[in-house]
Amino acid sequence: MIIRELALHQSAKSAFPPTGHRGEAVRPDKTSGTGARSGSMSAFDRFIHYGLLVFGSVLAAVGLELFLRPNGVATGGIAGASILAAHLTEMQLSLALFLFNLPFLLGRTATNRRQALRMLLPLALIALFTHYLHPVPAVSDDPLAAALGGGAFLGIGIGLILRQGGSFDELVASAPLRPAFRRFDAGTAIFLANLAILVLAGFVFGASQAIYSINAHVLAYFMLEAGYSGMSPVKRMRVRSAMLPRLREASERDLRVRWIEAGDGETAILDVYRRDVRPLRQLLAAIDPDVEIEGVRHDEARRLRPFV
């Protein structure tokens, strides 16, 4: 599983080179020549894998315990809810993190024990590191510096964990930054949950701290993507439209995109260079004003497995 997810990330870069063909379509079940290798990892690969898991857990713990919590700054997600709970109940942040993640862990144990193990190790590591970092003084007493540093450390740390096949903080890892409110789906529900946590942080820590909390949450969101993708120049998008054939034809003609068929006739996944994301949005909106365009996060990209 870990090798398949790493191969997906590498394929997102290698299968869409700068000199690639414009508008090449790929089926979700199509395999590439550089797909996942069979067999077990070497000792060196295991060392790198677990080393990055530990390093990502350390970064996340540093962001939480040495930046965010001491300065009353809370991101969204389970991490932010844990910071609020630790402040209100005076329990250690490590215990709050474990308790808030426990329902997700039990849910995964009931459905897929392998996924539960992928979540248990990062959770145990982050809880352990936050426990030992608890007596350490905060790196900065400035709330802005704490928001920026904490958001960056937390986001990159979770991104590295996700990149290695682990799982932590479902509300942050699967959350859209701007959901489509035309329908109520899981992404919209998670967005509203994060918004509720940030609003509650404003009531608990004060209105001024709420601004810093929002900054930390947004920065963590983008740093998570950077940590997971390794700063890939390619971004994956989902497009929903009743005029999908026309949108595809126009995008293949004017931009360099890679289409992945979704099968329902109204939804498509496509890869586009980040510099072309804005022109793509403008082009598709000019053809279909009702088109829905959103970024695809790591968990959904893995579930589609377009290149593996």
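Trainee: Which residues of H11 are exposed, and how do I read that word?

Mentor: Exposed means over 50% relative accessible area, buried means under 20%, and partly exposed lies in between (1.4 Å probe, protein chains only). In H11, Arg278 and Ala286 are exposed. This is a predicted model, in which local features need pLDDT of at least 70 and side-chain atom pairs count only at pLDDT 80 or more, while totals for chains, interfaces and linings use all residues. Residues are numbered from 1 along each chain as its sequence is written, and side-chain values use heavy atoms, leaving out hydrogens and water.

Trainee: Which residues of H11 are buried?

Mentor: Helices (H or I, at least four residues) and strands (E, at least two) are DSSP runs, numbered from the N terminus. Helix H11 spans residues 277-287, and Val277, Leu280, Leu283 and Leu284 are buried in it. They cover an arc of only 130 degrees around the axis, so they sit on the same side of H11; the arc is that of the directions from the helix axis to the C-beta atoms. Arg278 and Ala286 are on the other side.

Trainee: What do the buried residues of H11 pack against?

Mentor: Contact means heavy atoms within 4.5 Å. The partners are strand S2 (234-240), helix H10 (244-254), strand S4 (267-273) and strand S5 (292-295).

Trainee: Where does Thr267 lie, and is it buried or exposed?

Mentor: Thr267 lies in strand S4 and is buried, with a relative accessible area of 13%.

Trainee: How many residues does the largest nonpolar core have?

Mentor: A nonpolar core is a set of buried Ala, Val, Leu, Ile, Met, Phe, Trp, Tyr and Cys residues joined through side-chain atoms within 4.5 Å. The largest has 30 residues, and Leu64, Leu68, Ile83, Ile126 and Leu154 have the most contacts inside it. Elements giving two or more residues to this core include helix H2 (43-68), helix H3 (77-89) and helix H6 (143-163). A second, separate core of 17 residues includes Val239, Leu247, Val277 and Leu283.

Trainee: What does Leu64 touch?

Mentor: Leaving aside residues up to four places away in sequence, Leu64 touches Arg69, Pro70, Ala79, Ile83, Leu93, Leu97, Ile126 and Leu154.
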